[in-house]
Amino acid sequence: MHSSDGRPREATGARYDDPWYDALASGWGESDGPDTPEAAPPPAGDVYLEVQRSAAFREVRSRYRRFVVPAVVVFLSWYVAYVVAATTAPGLMARPVMGAVNVAMLAGLGQFLTTFLLTWAYARHARLRRDRAALELRWDTQELTRVAKGGAA
């Protein structure tokens, strides 16, 4: 691989553990001497495994699943019911409700309405039930990663 100036990546001092890191492009991270730490810190990947096993992470995932799984089942059932009714009961779907508006038109508009309602409910649920806990996990993970890479605690 080559860096942005065309030199081989080994010559730039770029780190192999971070594919987005380019020392010459950013001007950061260039060392004055050889990289020889006294004791190698634990891999940063271990931090993510530790966070994944934490009770806080499991709670955020559980809250997500408790909302998303029933919402997907209800919405897909409603969508399949609409398609099945449109194909198997054309007489019912063609029944006029008011003027030129029939059952199929109302059900189709109901599909749009439920999409918007589900989007609103998901955003509200995320804001009230998961966002704060997920943000705390993110900050904790970043701090643990910084410590694992040998930065200041």
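This is a predicted model: local features need pLDDT of at least 70, side-chain atom pairs count only at pLDDT 80 or more; totals for chains, interfaces and linings use all residues.

Q: Let's start with R66: is R66 buried or exposed?

A: The general idea is to look at relative accessible area: under 20% is buried, over 50% is exposed, and in between is partly exposed, using a 1.4 Å probe and counting protein chains only. R66 has a relative accessible area of 52%, so R66 is exposed. Residues are numbered from 1 along each chain as its sequence is written, and side-chain values use heavy atoms, with hydrogens and water left out.

Q: What forms a salt bridge with R66?

A: A salt bridge here is a side-chain nitrogen of Lys or Arg within 4 Å of a carboxyl oxygen of Asp or Glu. R66 pairs with E59, and their closest N and O atoms are 3.6 Å apart. E59 also meets R63 in a salt bridge, at 3.0 Å from N to O. The count for this rule comes to two salt bridges.

Q: How many residues apart are E59 and R63 in helix α4?

A: Helices are DSSP runs of H or I with at least four residues, strands are runs of E with at least two, and both are numbered from the N terminus. An α-helix has 3.6 residues a turn, so residues three or four places apart point the same way. E59 and R63 are four residues apart in α4, which means that about one helical turn separates them. E59 counts as partly exposed because its relative accessibility is 34%, and R63 counts as partly exposed at 28%.

Q: How far does α4 reach from its first C-alpha to its last?

A: The expected span of a helix is 1.5 Å times one less than its number of residues. Helix α4 covers residues 55-88, which is 34 residues, and reaches 48 Å, close to the 50 Å expected. Its buried residues include V60, F67 and A71. The buried residues of α4 pack against α5 (90-93) and α6.

Q: Which residues does Q111 contact, leaving aside its neighbours within four places in sequence?

A: Contact means heavy atoms within 4.5 Å. Q111 sits in helix α6, and its contacts are F75, W78, Y79 and Y82. With a relative accessible area of 9%, Q111 is buried.

Q: How far apart in space are V51 and T141?

A: V51 and T141 are 90 residues apart in sequence, but 6.9 Å apart from C-alpha to C-alpha. V51 is in helix α3, residues 44-52, and is buried at 11% relative accessibility. V51 touches F57, L137, T141 and L144, not counting residues up to four places away in sequence.

Q: Which residues form the nonpolar patch on the surface?

A: Patches are made of residues with over 30% relative accessible area and no salt bridge; like charges are joined within 9 Å, and nonpolar side chains (Val, Leu, Ile, Met, Phe, Trp, Tyr) within 5 Å. Here V97, M98, V101, M105, L106, L109, F112 and F116 form the patch, with about 850 Å² of accessible area together. Such areas come from the Shrake-Rupley method with a 1.4 Å probe, and for residues only the protein chains shown count as cover. Helix α6 gives the most, with five residues.

Q: Which residues does UniProt list for "transmembrane region"?

A: UniProt positions follow the numbering used here, feature names are shortened, and annotations may be inferred rather than shown by experiment. The unreviewed entry lists residues 67-85 and 97-123. In the model, residues 67-85 are 100% helix, with end C-alpha atoms 27 Å apart. Residues 97-123 are 78% helix and 15% strand, with their ends 33 Å apart.

Q: How many helices and strands does the chain have?

A: The chain has six helices and two strands, running α-α-α-α-α-β-β-α from the N terminus on. Of its 153 residues, 18% count as buried.
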